[in-house]
Amino acid sequence: MTFFNKLSLKNKIFISCLGFILLVSFLIAIFTRALLISGLTNELKKRGIGIAQSIADSSRVHILTKNRAELTALAYDARLGNRKDIVKYLIISDNQGNILAHTFTTRFPLNIKAMVKNQDHKKGNITSIDVDGHSVYHVVVPVEEGIYTIGSVQVGLDKKHIEKLISDLRLVFLSFLSIMSIIFFFLSHRLALHITQPVSSLIRYTDQITKGNFNIISKNDLEHQAAGIGAKDDEFAKLTNSFIKMTSQLKQSTDKLKESQRKYRSLFKSGPNPIFVVKKKTFEILDVNPNATELFGYEREDLLGRNLFSLGNVDDGKFTPKYPEGETMVISSRVRFYKKNGGTVFVNIHASPSEYRNEDVIIVAATDITELVEKDSQLIQASKMTNLEKMSVGIAHEINQPLNAIKMGSEYLCMMNEKKQKVSDNNFTMVLTQISSQVSRAAEIVGRLKTFSRKTDFSREVININHCIHSVNKIIGRQLTLQNIDFILSLDESVPWVLAHNNRMEQVIFNLVTNAKDTINERIETHNDIDKGIITITTFFDSENVGVAISDNGTGIEPDKMDSIFESFYTTKKMGEGLGLGLPIIQGIVKDYNGTISVESSPGSGTSFRVLFPAYFKKSAKI
């Protein structure tokens, strides 16, 4: 078997086919020999009976007259001609077992003599015996005269006649088999060449392809071979033709892949944004482009092997969903990353699943938006100052109240001192208490204004949305009351935390409340159809999101203007009264913290803004 496995396909085909032919020929020879022996033996026996019967018919008279000379002549006549090879001996005897004539020229075999004495005169009695080293069929035919058996004719049929015929047939069969083997040799050789030649070519081409050589056949050669093979219509021609076409397509695909890889490497190295290749499960950095090392100040070797999340505040849960194959998704916006020197960089992160060196990876692109975040912060700060400017009269009035109380108390003490009158202990204590109380009140107002107007950077921290609403109420609540506007708070104290920033959330609420105040005042001044303005703030939790609803009974918004209110520089106020940046800034802040803002309004009935933020159930420090 080992030797057979080492043979070429051509030799395997030849040896297998030759072995099959020889096996079939051997089985046919055995089967034919069995049939021939059986057929020839029966034919020999019938012929022997016929010879004996003809002698019996000719010898009746001579047996009755005991004419031995005539009987001997008849016996020898039976072995003349072509019967000589068949008839070994012939014996004529009477009914008493006495031998009247025979053809033996030497001694008479004793076993035959015994058989003649004990003969069974039944016609066609045939026995196989050995006579002088020869195997013969001993055939007995009775000689009858009327109803009487007067003797018998016994013929010995030589079995060598059958063997000679079989030997002659064997020689003919072997000659035929030799001729067929020679013919088959040439046919199988041609067949093997027809099969193995294209297969050998395919193997040679495949070996070259595995080595990356796709130029083993030029385009003209491919077309020429395809045309030549196309003239044939067998399976090997079709296989070779398909392989040639496959090779051509594979070469084109490989060229396209190389071109794509070249473009990828070019984009990867020269792209304007930092790009990280990270493992899909462990987020280990496998490769980075030069812009990543330049932006973050690390050497390439320092970044390789590090966890992506060690560079900044990235939520690994956002990388968990199975994104559509090949589709780039925005994972997070305004993510804070840290440089090697400790500096801060804000980036937008885009991610796309891919494959890198036979490994599932995520391609992470980081867009530097630090300058944009800074300008956005400046715009938000400007919006704060604009709102404070609008409220300056009310704020001045609110600060003036404790100052007047302090002035009145101090003037009272001065007057009593000038008049040399003694102030009672109770009055003196009451005046000092009021002065101290009003000083604290003024300090609290100034402190709230300082906190609100402070410039804040973009960060996330765990906050309670109700606290932000209470802080806005302390700043603007009194002014709303002075303007005949009820400020109603319906807060759910059990709402979960949210991940945002206190100061920015206060600005969102402050801007929406200020807009509600302006629309109520506009309705009172223009239509004068309400006695009192109402602003209601409601907080709620809907199993996933924490919500804030701010409603008013102002003028409302026209339906054709609803789609434009969040556009920059769009305003419904009179010329010079607004820049149209309040709602776009609010929307930007809400989106920065993965929130949504929606509005419902009916002209003449009021407006309701609804802000939703994802609930955060892990109370932690600043992120």
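**Exercise 1. Helix α14**

Which residues of α14 are buried? Determine also the span of the helix and its bend.

*Solution.* The model is predicted, so local features require pLDDT of at least 70 and side-chain atom pairs count only at pLDDT 80 or more, while totals for chains, interfaces and linings use all residues. Residues are numbered from 1 along each chain as its sequence is written, and side-chain values use heavy atoms, with hydrogens and water left out.

Step 1. Locate the element: helices (H or I, at least four residues) and strands (E, at least two) are DSSP runs, numbered from the N terminus. Helix α14 covers residues 465–482.

Step 2. Apply the burial classes: buried is under 20% relative accessible area, exposed is over 50%, and partly exposed lies in between (1.4 Å probe, protein chains only). The buried residues of α14 are Ile465, Asn466, Cys468, Ile469, Val472, Ile475, Ile476, Gly477, Gln479 and Leu480. Among them, Cys468 has a relative accessible area of 0%.

Step 3. Compare the spans. The expected span of a helix is 1.5 Å times one less than its number of residues. For the 18 residues of α14 this gives 26 Å, in agreement with the 26 Å between its end C-alpha atoms.

Step 4. Find the bend, defined as the angle between axes fitted to the seven residues ending at a position and the seven starting there. At Ile476, α14 bends by about 50°.

**Exercise 2. Salt bridges**

Identify the partners of Glu359, Arg300 and Lys517, and state where each pair stands in terms of burial.

*Solution.* Step 1. A salt bridge places a side-chain nitrogen of Lys or Arg within 4 Å of a carboxyl oxygen of Asp or Glu. The count by this rule is 9.

Step 1. Glu359 pairs with Lys279 at 3.8 Å, N to O. This pair links distant parts of the chain, 80 residues apart: Glu359 is in the loop between β9 (344–355) and β10 (360–368), and Lys279 is in strand β6 (residues 275–279). Glu359 is partly exposed at 31% relative accessibility, as is Lys279 at 23%. A network of salt bridges links Lys279, Glu284 and Glu359.

Step 2. In the pair of Arg300 and Asp287, the closest N and O atoms are 2.7 Å apart. Because Arg300 lies in helix α10 (residues 300–303) and Asp287 in strand β7 (residues 285–288), the pair ties together parts 13 residues apart in sequence. Arg300 is partly exposed at 35%, whereas Asp287 is buried at 2%.

Step 3. Lys517 bridges to Asp518, with 3.0 Å between the closest N and O atoms. Both Lys517 and Asp518 are buried.

**Exercise 3. Positive phi angles**

Where do Ser543 and Asn594 lie, and what is the phi of each?

*Solution.* Step 1. Recall the background: most residues other than glycine have a negative phi.

Step 1. Ser543 has a positive phi of about 80°. Ser543 lies in the loop between β14 (533–541) and β15 (545–552), and is exposed at 55% relative accessibility.

Step 2. Asn594 has a positive phi near 60°. Its place is the loop between α16 (582–592) and β16 (596–602), and Asn594 is partly exposed at 41%.

**Exercise 4. Cysteines**

How many disulfides does the structure hold?

*Solution.* Step 1. A disulfide is a pair of cysteine sulfur atoms within 2.5 Å. The structure holds 0 disulfides.
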